[in-house]
Amino acid sequence: MPTDAPVLQCGGHALDLGQPRIMGILNVTPDSFSDGGQYARVEDALTRARAMVAEGAEILDVGGESTRPGAAPVALEDERQRVLPVIEALRAELDVPLSVDTMKPEMMREAVAVGAGMLNDVNGFRAEGALAVAMGAARERGVALCAMHMQGDPQSMQRAPHYDDVVDEVRAFLEQRVAELLRGGVPRGQILLDPGFGFGKTLEHNVALFRGLPRLAASGLPLLVGVSRKSMIGQLLDDRPVAERDPGSAVAALLAAQAGARVLRVHDVSATRDALALYSALRPDGGDGQD
Ligand SMILES: Nc1nc2ncc(COP(=O)(O)OP(=O)(O)O)nc2c(=O)[nH]1
């Protein structure tokens with residue numbers, strides 16, 4: 001690993017970001033856009049988690065509230081009941097960092113208390129109290145924070161997304177969140193940024209943002225990219241249905257890694273792992289010294 005390779009501190013785990021890492025998606029919701037209802041029981045979630053780790057997932061992202069366009073908000077108690085038992089069960093058995101995908105400060109606090117090592121907030125810690133809880137968890141427990149850009153909220157974000165320059169505006173938002181986190185005493189080695197594909201973006205915005213990833217990566221902070229099974233993949237593949245988007249998602253994950261993304265948030269861990277392994281073995285520069 002190059003000496004200057006970034007390491008992401010995720011609670012008690014240190015994730016070497018010298019190579020792109022795979023984040024396995026574990027949606028414990030009834031209504032996630034591609035896998036809703038499949039892991040509602042803790043045992044099913046545990047089985048899926050074991051499988052993703054065996055396939056190469058190096059961090060798991062547990063989400064109890066769908067953030068697909070138009071999704072209805074989930075009550076705190078429902079999200080608690082979906083997520084906390086799963087994090088406790090995973091923590092007891094698997095030695096990988098656990099991320100919780102939530103916008104609620106109460107969920108952040110309680111998930112960290114039962115072992116989450118990363119807070120993944122699609123709302124960029126903008127909810128009342130979220131920033132304070134996240135910064136406290138980062139300072140006191142070494143929890144990693146992923147701040148994502150979303151224009152609006154899941155209920156409204158896809159109605160009429162508009163940007164003068166989507167890359168500039170997303171970059172400016174992420175830089176502002178970083179500045180806020182650093183002012184709050186969060187170490188740089190615990191911050192991930194995410195442009196938020198599909199969160200208040202048209203296909204044109206998503207494509208421009210994807211092509212702009214090198215500019216976003218130039219901030220020096222590690223990028224997390226999540227395009228797996230999303231509508232942009234379907235739209236670019238002749239309206240491919242959700243169930244048939246995993247091959248395209250693996251290609252997109254590889255392209256994101258080549259553009260500088262360091263964490264790839266995916267459903268199909270195995271296909272993504274294969275794509276990254278072949279890239280590492282066959283890349284034109286041979287990856288000399290890249291480790
Ligand atoms: N950091 C980050 N978190 C995310 N959480 C959810 C989704 C939406 O995808 P999914 O979880 O598969 O669906 P749903 O929100 O319907 O559960 N996308 C992202 C993303 O792109 N980045």
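A residue is called buried when its relative accessible area is under 20%, exposed when that area is over 50%, and partly exposed in between (1.4 Å probe, protein chains only). Gly 234 is therefore buried, with a relative accessible area of 1%. The model is predicted: local features need pLDDT of at least 70, side-chain atom pairs count only at pLDDT 80 or more, and totals for chains, interfaces and linings use all residues. Residues are numbered from 1 along each chain as its sequence is written, and side-chain values use heavy atoms, with hydrogens and water left out.

Gly 234 sits in helix H8. Helices (H or I, at least four residues) and strands (E, at least two) are DSSP runs numbered from the N terminus. Beyond its neighbours within four places in sequence, Gly 234 is in contact (heavy atoms within 4.5 Å) with Asp 239, Arg 240 and Arg 245. Gly 260 lies 26 residues away from Gly 234 in sequence. Their C-alpha atoms are 23 Å apart.

The packing of H5 on H6 was examined next. Helix H5 spans residues 166-183 and helix H6 spans residues 203-211. Their axes lie 9 Å apart, at an angle of about 70°. Axes are lines fitted to C-alpha atoms, for helices over the stretch in contact, and angles run from 0 to 180 degrees between N-to-C directions. Angles under 35 degrees count as roughly parallel, over 145 as roughly antiparallel, 65 to 115 as roughly perpendicular and the rest as oblique. H5 and H6 are therefore roughly perpendicular to each other. From H5, the residues in contact are Val 166, Val 167 and Val 170. His 205, Ala 208 and Leu 209 take part from H6. By class, five residues of this contact are nonpolar, one is polar and none is charged. Here Ala, Val, Leu, Ile, Met, Phe, Trp, Tyr, Cys and Pro count as nonpolar, Asp, Glu, Lys and Arg as charged, and the others, Gly among them, as polar.

Asp 101 belongs to strand S5 (residues 98-101). Its relative accessibility is 8%, so Asp 101 counts as buried. The side chain of Asp 101 makes a polar contact of 3.3 Å with that of Arg 265. Apart from residues up to four places away, Asp 101 touches several others, including Asp 61, Glu 79 and Asn 120. The C-alpha atom of Ile 25, 76 residues away along the chain, is 9.5 Å from that of Asp 101.

Lys 104 lies in the loop between S5 and helix H3 (105-113). At 15% relative accessibility, this lysine is also buried. A 3.3 Å polar contact links the side chains of Lys 104 and Glu 65. Among the other residues that Lys 104 touches are Val 74, Ala 75, Leu 76 and Glu 79.

Asn 123 occupies the loop between strand S6 (118-121) and helix H4 (130-141). With 12% relative accessibility, Asn 123 counts as buried. Its side chain makes a polar contact of 2.8 Å with the side chain of Arg 126. Outside four places in sequence, Asn 123 is in contact with Met 103, Met 148 and Met 150.

Technical notes:
A polar contact is a pair of N or O atoms within 3.5 Å; within protein, one must be able to donate a hydrogen and the other to accept it, and residues adjacent in sequence count only if both atoms are side-chain atoms.
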